[in-house]
Amino acid sequence: LMSQDHLTKQINFLVEIDKLKNIFRQTYLMNESRKENDAEHSWHLALAAILLLEHANDSIFISDVATKRFLDINENAARRLGYSHDGLLKLTFVDIDGVNRPESIAEDVRTLMEVGEIVFEHVHRRKDGSLMPVEISSRIIDSHGRKVFQSIVRDISERKKAENVLR
């Protein structure tokens, strides 16, 4: 379930987006039945973004570059790792590292900082201690003047089982 704080943040975001409805430039709807202003379009995009974030099949993490702390996650991330939404937000990506090799994380972060994006396989540790093989696609993005990591994380447990069977 979504925490009250998380819901409040989303509502505050929507309220801010709603203030943009004073834009006068207009574009046609796809069916050309009427004109839609840019603010309405932005509103629809914001709603779509929230729905995509919350209902994505993959886990989504936004992490602070400096502290490595999670700034935002989707519900899938919390559920897959066995945490509450708020509980996972108290952690860093180092806390869920299942490899337990800080030098490996440091190397991946260095590559990400140099190249701007990276895709790699890793292992996450769930709250119960069990391990989950994952594929992580990360990039650096600018969020309101702050550099953050955006990571899309896919559970590849089934893929790994199939690869082991084929060996």
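In this predicted model, Asp5 and Lys9 join their side chains in a salt bridge, with 3.7 Å from N to O. The two residues stand 4 apart in helix α1, which means that about one helical turn separates them. Asp5 is partly exposed at 42% relative accessible area, and Lys9 is also partly exposed, at 46%.

One joins the side chains of Asp58 and Arg154, at 2.8 Å from N to O. Asp58 sits in the loop between α2 and β3 and Arg154 in strand β7, so this pair spans 96 residues of sequence. Asp58 is buried, with a relative accessible area of 13%, whereas Arg154 is partly exposed at 41%.

A further bridge runs between Glu121 and Arg159, whose closest N and O atoms are 3.5 Å apart. Here strand β5, which holds Glu121, is linked to helix α6 (residues 157-166), which holds Arg159, across 38 residues. Relative accessibility is 40% for Glu121, which counts as partly exposed, and Arg159 is partly exposed at 32%. Both belong to a salt-bridge network that also takes in Glu135, Lys160 and Glu163. The count of salt bridges comes to 9.

The interior comes next. In soluble globular proteins, nonpolar side chains tend to be buried together. The largest nonpolar core here has 22 residues, and Phe61, Phe70, Ile73, Leu88 and Ile96 have the most contacts inside it. At least two core residues come from each of β4, α3 (75-81), α4, α5 (102-115), β5, β6 and β7. Setting aside neighbours within four places in sequence, Phe61 is in contact with residues including Phe70, Ile73, Leu88, Ile96, Phe149 and Val153.

His124 is another of the contacts of Phe61. This histidine lies in strand β5 and counts as buried, because its relative accessibility is 6% and the cut-off for buried is under 20%. Beyond four places in sequence, the contacts of His124 include Leu81, Ile96, Leu131, Met132, Val134 and Val153.

The largest pocket holds about 750 Å³ of space. Its lining consists of 20 residues, with Phe13, Leu53, Ile62, Asp72 and Ser143 nearest the centre. Two or more lining residues come from each of α1 (4-18), α2 (38-55), β3 (59-64), β4 (70-73), α4 (85-89), β6 (131-143) and β7 (146-155). By class, the lining has 11 nonpolar, 6 polar and 3 charged residues.

One backbone detail remains. Lys68, in the loop between β3 and β4, has a phi near 70°, a positive value in a residue other than glycine. Lys68 is partly exposed, with a relative accessible area of 27%.

Definitions and conventions. Residues numbered from 1 in each chain as written. Predicted model: local features only at pLDDT ≥ 70, side-chain atom pairs only at ≥ 80, totals over all residues. Heavy atoms only, no water. 1 Å grid on protein atoms, 1.4 Å probe; cavity = no way out; pocket = protein on both sides within 12 Å on 5 of 7 lines; lining within 4 Å. Points joined across faces, edges and corners; volume = space filled by probe spheres on them. Nonpolar A, V, L, I, M, F, W, Y, C, P; charged D, E, K, R; others polar. Core = buried A, V, L, I, M, F, W, Y, C linked by side-chain atoms within 4.5 Å. Buried < 20%, exposed > 50% of the residue type's maximum accessible area, 1.4 Å probe, protein only. Contact = heavy atoms within 4.5 Å. Salt bridge = Lys/Arg side-chain N within 4 Å of Asp/Glu carboxyl O.
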